[in-house]
Amino acid sequence: SSSKPVLVIVAALLPTFGIGLKGTLPWKLSKEMKYFRSVTSITTDPSKQNAVIMGRRTWDSIPVKFRPLPKRMNVIITRQDLSTVKPIEGVKFENSIEGAVKMLAGLPEIEKIFIIGGGEVYNLSVSSGLVDNLLITEIKHSKGEDVEMDTFLDKDYILGNFDKVGRDGLLDFIGEVDAGEEVTVKEGDFEYEFALYKRK
Ligand code: FOL
């Protein structure tokens, strides 16, 4: 359709809003990854599919055996000249987030659009005003240890422009996705909670 699809950021972050270290995630949380996979894959209309938009470095960080992320249209944002990009089966390339969103808005089979990182793509898309919803997994080290990070979301901008909604608001938004019965999930050295932030 020509109506603008819903745009949602999905990210896992620390209290510092740190999201990554040296091009990767400094944890391995299988239940959290299962939540990511479900939330980005499930559609209300079974004839449709969702899209995931990511930066080229995030694409590089996904294990080869998991990419392109199955059952979702994968879109990579790159500064490379699109005429020289080596095609990848099941993947679309764009030079800007706006370009990717415009392209996807013209595809009737796309239900929701998820922005899945990394730092540069997240921060550009929140500050552009394109995004109204952030599905954030709030992670902390269970023993309170510091976790080294070199990539961050803009915490001041997000807390200044978005409000965290309650658990009911989250469950309503994610629909059939299983967010667990416990509010706090413990896995390995980490504890986390699923949250939804909405633009004020
Ligand atoms: N958001 C959240 N909440 N958690 C994340 O780990 C996360 N990661 C990214 C973006 N947003 C996120 C970017 N990094 C895969 C790997 C890295 C990645 C995103 C996805 C991946 O391999 N996903 C598979 C599932 C793999 C598995 O089951 O272990 C997929 O099908 O989604």
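**Exercise 1.** Work out how the residues of the shell around the ligand divide into nonpolar, polar and charged.

Solution. The model is predicted: local features need pLDDT of at least 70 and side-chain atom pairs count only at pLDDT 80 or more, while totals for chains, interfaces and linings use all residues. Residues are numbered from 1 along each chain as its sequence is written.

Step 1. Find the shell: 18 residues surround the ligand, a residue being near a molecule if its C-beta atom, placed from the backbone, lies within 6 Å of it. The closest are A12, F36, R37, F66 and I116.

Step 2. Sort by type. Ala, Val, Leu, Ile, Met, Phe, Trp, Tyr, Cys and Pro count as nonpolar, Asp, Glu, Lys and Arg as charged, and the others, Gly among them, as polar.

Step 3. Count: 12 are nonpolar, four polar and two charged.

**Exercise 2.** State which elements each supply at least two residues of this shell.

Solution. Step 1. Helices (H or I, at least four residues) and strands (E, at least two) are DSSP runs, numbered from the N terminus. The chain has six helices and 11 strands.

Step 2. The elements are β1 (6-13), α1 (30-41) and α2 (56-61). The largest share, four residues, comes from α1.

**Exercise 3.** Identify the buried residues of helix α4 (residues 119-127).

Solution. Step 1. A residue is buried if 20 or more other C-beta atoms, placed from the backbone, lie within 10 Å of its own.

Step 2. In α4, the residues G119, V121, Y122, S125 and V126 are buried. Of the 200 residues of the chain, 30% count as buried.

Step 3. After α4 comes G129, with a positive phi near 80°.

Methods:
Near = placed C-beta within 6 Å. Buried ≥ 20, exposed ≤ 12 C-beta atoms within 10 Å, placed from the backbone.
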